[in-house]
Amino acid sequence: MDKFIKSIIGLDVNSAKSAFSEFLSNNSYTAQQVHFINKIIDYLSVNGLIENKILFEAPFTHVNDQDLTGVFPDGQVGKVISLIGEINSNVTAK
């Protein structure tokens, strides 16, 4: 039921920002990389959950036509997907 509710009302934007704050603070990122993370946060705040496949479709391909893999190197791609998995797990566990 909570998953359905989150899909309607979205995720609190501060919760989404908090989930990515450590990731963003551990390295120096390009403007494009920060923009991509902000798009994820915006998506979460509207939809509550995000499926990994969405990161390879519009609106994320508007940041880079090669999607997530064009924005981040392999090691960071895995970390972004891992963080999204944690967020989705936390939402569905509540």
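The following questions and answers walk through a predicted model.

Residues are numbered from 1 along each chain as its sequence is written. In this predicted model, local features need pLDDT of at least 70 and side-chain atom pairs count only at pLDDT 80 or more, while totals for chains, interfaces and linings use all residues, and side-chain values use heavy atoms, with hydrogens and water left out.

Visitor: In which helix is the place of Gln-33?
Guide: Helices are DSSP runs of H or I with at least four residues, and strands are runs of E with at least two, numbered from the N terminus. The run that covers residues 31-47 includes Gln-33, and this run is helix H3.

Visitor: Is Gln-33 buried or exposed?
Guide: Buried means under 20% relative accessible area, exposed means over 50%, and partly exposed lies in between, with a 1.4 Å probe and protein chains only. Gln-33 has a relative accessible area of 8%, so Gln-33 is buried.

Visitor: Which residues is Gln-33 in contact with, leaving aside its neighbours within four places in sequence?
Guide: Contact means heavy atoms within 4.5 Å. By that rule the partners of Gln-33 are Val-71, Phe-72, Pro-73 and Gln-76.

Visitor: What is the pair of Phe-36 and Phe-60 called, by the angle of its planes?
Guide: Rings of Phe, Tyr and Trp (its six-membered ring) pair if their centres lie within 6.5 Å; planes under 30 degrees apart count as stacked, over 60 as edge-to-face and the rest as tilted. The structure holds six aromatic pairs. For Phe-36 and Phe-60 the centres are 5.3 Å apart and the planes are at 50°, so the pair is tilted.

Visitor: How many residues apart in sequence are the parts that this pair ties together?
Guide: Phe-36 is buried at a relative accessible area of 0%, and Phe-60 is buried at 0% as well. Phe-36 lies in helix H3 and Phe-60 in the loop between H3 and helix H4 (67-71), so the pair ties together parts whose separation in sequence is 24 residues.

Visitor: Which side chains meet in a salt bridge?
Guide: A salt bridge is a side-chain nitrogen of Lys or Arg within 4 Å of a carboxyl oxygen of Asp or Glu. The structure holds one salt bridge. At 4.0 Å, N to O, its side chains are those of Glu-51 and Lys-53.

Visitor: What separates the C-alpha atoms of Ile-84 and Phe-20?
Guide: Ile-84 is in helix H5 (residues 74-93) and counts as buried at 0% relative accessibility. Among the residues that Ile-84 touches is Phe-20. The two are 64 residues apart along the chain, and their C-alpha atoms are separated by 9.1 Å.
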